[in-house]
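Please look over the model below. A short briefing follows, grouped by topic.

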Amino acid sequence: MLVHQHDEDFEVSAPAKVNLFLEVLGKRSDGYHELETLMVTISLFDTLRFRTVDSAQFVLKNHWCGSPESARLVHELLPNDQRNLVWKAASLLAQAAGVKHAAQIDVFKRIPLAAGLAGGSSDAAATLVGLNRLWKLNLSYSDLRELGALLGSDVPFFLAQTNAAICRGRGELIEPLQMDVPLHLIIVKPDVGLSTAQVFQHCIPAPVASSVSKMAQSLQDGNLTRIGNNLMNRLNWPATRLCPQVQQLETVFTGLPVLGHVMSGSGTSYLGLCRNRQQSVALASRLRALRLGSVFAVRSGV
Ligand code: C5P
């Protein structure tokens, strides 16, 4: 999570993530599902700009910088008020630190919403980092992770100062991984989204769970073929039932010369692992021509 200082203001970049592996181990008594997942950050960012304001007011402004096709979901799902996760993160931090709730945050959004890419969670993590700096609170990353877990299951990953990790529990227990070889991925996000809660609700945990260990080892070895073979997401099945566009993407990716493909998180974005940058750029333009949604050629581990 990089911080860039400009005169009075500063910016924090908030990366998206993808899940290379996601197993659902069972349903818990608190309503969440027990997970074993492997997440990596990718080179698709929102940017949050922080500045002090004279009044005691908190001001949040969202600016959509992504494709016009995704703008509809942004208007539906991204309010500039207390329902927004960035606002909730700011309130929580102010309350925990006993400070007044004042700042202006401009969020320049490029990560699609309801995509399984955790844009909202990453923005919330960036808000904790940014306001910790703006308000000179000196909270540690470990303190911020504890607050982050109260905001959402994916938030602590972005506060773990790593670009790859195995996440367990409901997602908040982080085991950082060393990842030396960048992965080149193509991602397609259809112009419809899925609600995380709804996808989990329709998920049937595996009778015999798959283990993340093969994927973790392949990643650490930098073995692209094995990474491709071990891509797995237990939420893929319920998402294809709920959303025909995910099913369609699965079919399209099956016909592409990628090393493997899978849905990210609870969808609806779908990713393919490429051999190198040239292949990801070439396949991205081929996919754009099919008009299945927004297409990104990205690198992991940023
Ligand atoms: O934690 P977060 O707010 O992102 O989760 C959104 C919803 O997704 C939860 O309310 C829950 O229904 C579902 N979920 C789950 N198990 C998880 C994470 C999320 O059932 N491990």
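How far is an oxygen atom of the ligand from an N or O atom in the side chain of His-33? The distance is 2.8 Å. This is a predicted model, where local features need pLDDT of at least 70 and side-chain atom pairs count only at pLDDT 80 or more, while totals for chains, interfaces and linings use all residues. Residues are numbered from 1 along each chain as its sequence is written, and side-chain values use heavy atoms, with hydrogens and water left out.

**Ligand site**

- The residues around the ligand, with a heavy atom within 4 Å of it, are Gly-31, Tyr-32, His-33, Leu-35, Gly-152, Ser-153, Arg-170, Thr-196, Ala-197 and Phe-200.
- Ser-153 places a polar side-chain atom 2.6 Å from an oxygen atom of the ligand.
- Arg-170 uses its backbone: a polar atom there is 3.0 Å from a nitrogen atom of the ligand.
- Such a polar contact is a pair of N or O atoms within 3.5 Å.

- Helices (H or I, at least four residues) and strands (E, at least two) are DSSP runs, numbered from the N terminus.
- Two strands pair if DSSP finds at least two bridges between them.
- An open sheet has four strands in the order S10-S11-S8-S12, with antiparallel pairing.
- Strands S10 (260-263) and S12 (294-299) stand at the edges with a single partner strand each, so one side of each has no neighbour in the sheet.
- Neighbouring strands here are turned by 20° against each other on average, direction ignored.
- S8 (residues 184-189) pairs with S11 (residues 270-274) in the antiparallel sense over five bridges.
- Within that pair, Ile-186 has Gly-272 of S11 as its bridge partner.
- Helix H9 (residues 244-254) packs on the sheet and touches S8, S10 and S11. Contact means heavy atoms within 4.5 Å.
- The direction of H9 makes about 15° with that of S11. Axes are lines fitted to C-alpha atoms, for helices over the stretch in contact, and angles run from 0 to 180 degrees between N-to-C directions.

**Hairpin**

- S6 (residues 164-169) and S7 (residues 173-176) pair in the antiparallel sense over four bridges.
- Ile-166 stands opposite Glu-175 in S7.
- Three residues lie between the strands of this hairpin, in which Gly-171 takes a positive phi near 125°.

**Helix pair**

- H2 (residues 85-97) and H3 (residues 119-134) pack at an angle of about 35°, with their axes 8 Å apart.
- H2 contributes Leu-85, Val-86, Ala-89, Ala-90 and Leu-93 to the contact.
- Among the H3 residues in the contact are Ala-124, Leu-128 and Leu-131.

**Backbone details**

- The peptide bond from Gly-267 to Thr-268 is cis, with omega near 15°.
- Thr-268 is found in the loop between S10 and S11.
- Ala-118 has a positive phi near 60°, in a residue other than glycine.
- Ala-118 sits in the loop between strand S5 (103-109) and H3.

Definitions and conventions
A polar contact is a pair of N or O atoms within 3.5 Å; within protein, one must be able to donate a hydrogen and the other to accept it, and residues adjacent in sequence count only if both atoms are side-chain atoms.
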